[in-house]
Amino acid sequence: MRKISSGTFYAPIEMNALGFHMKTGLFFGSFNPIHNGHFAVARYLRDSGLCREVWFVVSPCNPFKADTLLTDEYERLEIVKAAVAGEPRMRVCDMEFSMPRPSYTADTLRRLKRSYPYRDFAIVMGADNLENIEKWKDKDFVLSEFEIFVYPRPGHDCRNIERRDNIKIVKAAETDISSTDIRRMLSAGEDITPFVPEASKELILKYYSPGDFV
């Protein structure tokens, strides 16, 4: 399968004009594939001022999705890069591509903190993922060291989330679409145009063969 250079992402070490640490939201995911629901959350965090920037951290191998059929990681990365291109204050981070597999969020967070000491990182996750955080590697480190922005997911009641000072429920619009839905639609030959970023649609159609999901 064709590979593209990952072009390992390194942002400059920087602070804003007032000298405060720049709030950067880390949106981790397999993005298999990315869809408009992801973008709705990222845009909300950016446009509301909760985050100065949002980075899409593409995970080559998620430990909780070991049994999931993942499209090639470099193809998923290329799709996310196409989707983000032209979006102000959104970037793609491929740091996990140079790290041991599977990808553990705690390990990536430690490396990001070392690499960008003047960034104030926050984690972006759905309510469904937060419910499973007890299973995460080094969960106490994750919960104690980082602000967490939680967005609503269908079937998961944010009111039941454990209240901590660093956990904030954000009012991003809830969307029913998921990557699983996109793959199902592709398998059925349905039009995905309304549900994926226009800039990445052709690459999704190129790399996600309907036969892969039968």
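Which residue stands opposite Ile148 in β5? Keep that pair in mind; the tour returns there after an overview.

**Whole chain**

Start with everything shown as a cartoon. This is a predicted model. The protein chain has 7 helices and 6 strands. Along the sequence the pattern reads β-α-β-α-β-α-β-α-α-β-β-α-α. The protein chain holds 214 residues, and buried residues make up 50% of them. Now turn to contacts with a separation of 6 or more: 72% of these in the protein chain link residues 24 or more positions apart.

**The sheet**

Select the strands. They form an open sheet of 6 strands, paired in parallel, in the order β3-β2-β1-β4-β5-β6.

**Strand β5**

Select residues 147–151. How many of the 5 residues of β5 are buried? The count is 5 of the 5, so this strand is largely enclosed by the rest of the structure.

Show the side chains. In a regular strand they alternate between the two faces of the sheet. In β5, Glu147, Phe149 and Tyr151 point one way. Ile148 and Val150 point the other way. Note that Glu147 is among the buried residues here.

Now bring in the partners. β4, residues 119–126, pairs with β5 in the parallel sense over 5 bridges. Here is the opening pair: Ile123 stands opposite Ile148. Ala122 stands opposite Glu147. On to β6, residues 167–169: this strand runs parallel to β5 and is joined to it by 3 bridges. Pick Phe149, and find Lys168 as its bridge partner in β6.

**Helices α2 and α7**

Select residues 73–84 for α2 and 198–207 for α7. Two packed helices are described by the angle between their axes and the distance between the axes. Here the angle is about 165 degrees, and the axes are 7 Å apart. That angle makes α2 roughly antiparallel to α7. The crossing is right-handed.

Show the side chains at the contact:

- From α2 come Glu75, Glu78, Ile79, Ala82 and Ala83.
- From α7 come Ala199, Ser200, Leu203, Ile204 and Tyr207.

Now go to Asp72, in the loop between β2 (53–58) and α2. Is Asp72 buried or exposed? Asp72 counts as buried, at 11% relative accessibility. What does its side chain reach? The side chain of Asp72 reaches the backbone nitrogen of Tyr74 at 3.0 Å.

**Backbone exceptions**

Most residues other than glycine have a negative phi, and most peptide bonds are trans.

Begin in the loop between β1 and α1, where Phe31 is placed. Phi of Phe31 is near 50 degrees, a positive value in a residue other than glycine. Phe31 counts as buried, because its relative accessibility of 4% falls under the 20% cut-off.

Step along to Asn32 and Pro33. The peptide bond between them is cis, with omega near 0 degrees. Pro33 lies in the loop between β1 (22–29) and α1 (36–47).

Move to Arg89, in the loop between α2 and β3. Arg89 is not a glycine, yet has a positive phi of about 60 degrees. Is Arg89 buried, partly exposed or exposed? With a relative accessible area of 30%, Arg89 is partly exposed.

Finish at Arg101 and Pro102. A cis peptide bond joins them, with omega about -5 degrees. Pro102 lies in the loop between β3 (90–93) and α3 (105–115).

Key. Residues numbered from 1 in each chain as written. Predicted model: local features only at pLDDT ≥ 70, side-chain atom pairs only at ≥ 80, totals over all residues. Heavy atoms only, no water. Helix = DSSP H or I, 4+ residues; strand = E, 2+ residues; numbered from the N terminus. Buried < 20%, exposed > 50% of the residue type's maximum accessible area, 1.4 Å probe, protein only. Pairing = 2+ DSSP bridges. Polar contact = N/O pair within 3.5 Å; in protein donor to acceptor, adjacent residues only side chain to side chain. Axes fitted to C-alpha atoms, helices over the stretch in contact; angles between N-to-C directions. Parallel < 35°, antiparallel > 145°, perpendicular 65-115°, else oblique. Left-handed = near helix turned anticlockwise from the far one by under 90°. Contact = heavy atoms within 4.5 Å.
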